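These notebook entries record what I looked up, one topic at a time. The sequence and the model come before the notes.

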Amino acid sequence: MSKLSDKHLLGIKNLTRADIDLIFQTADNFKDVINRPIKKVPSLRDITIANIFFENSTRTRLSFELAEKRLSADVVNFSSSSSSVKKGETLLDTVNNILAMKVDMVVMRHGSPGAPHFLAKHIDANIVNAGDGTHEHPTQALLDTYSIRERLGTVEGKKVAIIGDILHSRVAMSNIFALQKMGAEVMVCGPNTLLPKHIDELGLQVELDVRKALEWCDVANVLRIQLERQQIKYFPSLREYALYYGINKQLLDSLSKQITIMHPGPINRGVELSSDVADSEHAIILDQVENGVAVRMAVLYLLAGIGDITN
Ligand code: CP
């Protein structure tokens with residue numbers, strides 16, 4: 001049986017291209033499953049998964065829970081805001097207590113970069129990183145890259161511009177690694193203040209002018225301005241950001257070609273994207289969300305390393 005090269009999914013950086021190809025092929029099968037009248041397979045019926053979220057989430061949390069239930073896993077959900085973390089319990093004590101209840105896999109979102117790596121060193125269960133601070137968000141990058149493959153037929157050779165708040169974005173870092181491994185050309189575009197200092201070392205193109213980035217690319221993956229991570233002012237106002245970096249229909253109509261628009265969500269409508277772009281036929285934002293369930297089913301199934309997809 002085909003397996004991933006690691007028992008955890010902590011980031012894209014350490015995945016191989018063969019790992020990503022295997023996840024995509026497995027997700028293709030699960031996409032068929034979730035489009036059937038009976039959307040469930042018993043593949044993980046003996047597995048218990050804990051979703052432990054120390055940061056807010058809508059898409060990732062629901063998508064993982066749905067993926068787990070479609071695979072017939074037993075699921076427990078933990079939210080730090082209503083837990084004994086508020087009484088001072090440490091991350092390791094919290095997780096060890098959850099594992100004492102015979103949990104096999106942990107899906108974790110945490111505000112600190114490296115938190116899932118720390119857990120992976122101390123516990124036996126499979127760990128899936130559902131976003132760690134500004135570091136990585138591997139399943140988001142997998143579903144984004146899978147969605148490009150679905151829309152354009154391949155990722156190899158495609159030009160993808162990642163636009164916006166690169167500095168604070170775990171989605172940007174994971175997307176850069178995934179796209180490069182799959183053979184895409186990658187550009188980042190944003191105001192100088194929102195680009196990491198060492199971005200040149202990643203083998204990317206860097207562009208400050210959003211029109212030039214859009215003229216260059218086949219796909220624009222537009223990121224949210226992460227105000228909650230910005231302790232200082234990186235641009236004068238949201239209005240000015242929208243003026244220089246916001247993508248609206250007028251700007252897209254003025255290009256010499258049509259491009260595919262992506263956004264990981266949640267969208268700040270009227271800031272990164274106007275509503276007529278976010279809701280247009282060229283935007284695949286809800287396809288990304290739909291594909292997220294199949295891709296997460298594939299990741300969980302492969303990490304569990306058991307059974308046959310159809311039984
Ligand atoms: N894309 C994403 O991670 O969204 P959530 O924060 O809602 O999970």
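**Entry 1. A loop residue**

Where is the place of Ser72? I looked it up in the model, which is a predicted one, and found Ser72 in the loop between α2 and β2. I then read its backbone angle: phi of Ser72 is near 70 degrees, a positive value in a residue that is not glycine.

**Entry 2. The sheet that contains β2**

I next turned to the strands. Four of them form an open sheet, and I noted their order as β2-β1-β3-β4 with parallel pairing. At the edges I found β2 (74-79) and β4, each of which pairs on one side only. On average, and with direction ignored, neighbouring strands here are turned by 15 degrees against each other.

For the packing on this sheet I looked at α2, which touches β1, β2, β3 and β4. The direction of α2 makes about 160 degrees with that of β2.

Strand β1 (residues 48-53) runs parallel to β3 and is joined to β3 by five bridges. As an example I took Ile49, whose bridge partner in β3 is Met105.

**Entry 3. The five-stranded sheet**

In what order do the strands of the open sheet of five stand? I read the order as β7-β6-β5-β8-β9, and the pairing is parallel. The edge strands are β7 (205-207) and β9 (260-262), and each of them pairs on one side only. From one strand to the next, the twist averages 20 degrees.

I then asked which helix packs on this sheet. Helix α5 (residues 138-152) does, and I listed its contacts as β5, β8 (219-222) and β9. The direction of α5 makes about 160 degrees with that of β9.

Here, too, I followed one pairing. Strands β5 (residues 159-163) and β6 (residues 185-189) run parallel and are joined by five bridges. I noted that Ile162 stands opposite Val188 in β6.

**Entry 4. A cis peptide bond**

I also looked up the bond from Gly265 to Pro266. This peptide bond is cis, with omega near -10 degrees. Pro266 lies in the loop between β9 and α10 (275-278).

I consulted the domain assignment of the chain, which gives domain 1 as 12-136 + 289-304 and domain 2 as 138-285. The C-alpha centres of domain 1 and domain 2 lie 25 Å apart. To the contact, domain 1 brings 30 residues and domain 2 brings 27 residues.

How much area is buried between domain 1 and domain 2? I noted about 2,600 Å², with carbon and sulfur atoms giving 59% of this area. On the side of domain 1, Ile12, Arg17 and Phe24 lose the most area to domain 2, and together they account for 25% of what that side buries.

For polar pairs I recorded 13 residue pairs in polar contact between domain 1 and domain 2. I then listed the elements that give two or more residues to the side of domain 1 that touches domain 2: α1 (17-34), α2 (59-70), β3 (105-110), β4 (126-132) and α11 (285-304). With eight residues, α1 gives the most to that side.

**Entry 5. Salt bridges**

How many salt bridges does a search of the whole structure find? I noted 10. Between domain 1 and domain 2 the count is four. I looked up the pair Asp28 and Arg149, whose side chains meet in a salt bridge at 2.8 Å, N to O.

I also examined Asp21, which forms a salt bridge with Arg17. The closest N and O atoms of Asp21 and Arg17 are 3.9 Å apart. Because Asp21 and Arg17 are four residues apart in helix α1, about one helical turn separates them. I noted as well that Arg17 is one of the residues of domain 1 that lose the most area to domain 2.

Methods. Residues are numbered from 1 along each chain as its sequence is written. This is a predicted model: local features need pLDDT of at least 70, side-chain atom pairs count only at pLDDT 80 or more; totals for chains, interfaces and linings use all residues. Side-chain values use heavy atoms; hydrogens and water are left out. Two strands pair if DSSP finds at least two bridges between them. Axes are lines fitted to C-alpha atoms, for helices over the stretch in contact, and angles run from 0 to 180 degrees between N-to-C directions. Contact means heavy atoms within 4.5 Å. Domain bounds come from an automatic or database domain assignment. Buried area is the accessible area (1.4 Å probe) that two parts lose on being put together, summed over both. A polar contact is a pair of N or O atoms within 3.5 Å; within protein, one must be able to donate a hydrogen and the other to accept it, and residues adjacent in sequence count only if both atoms are side-chain atoms.
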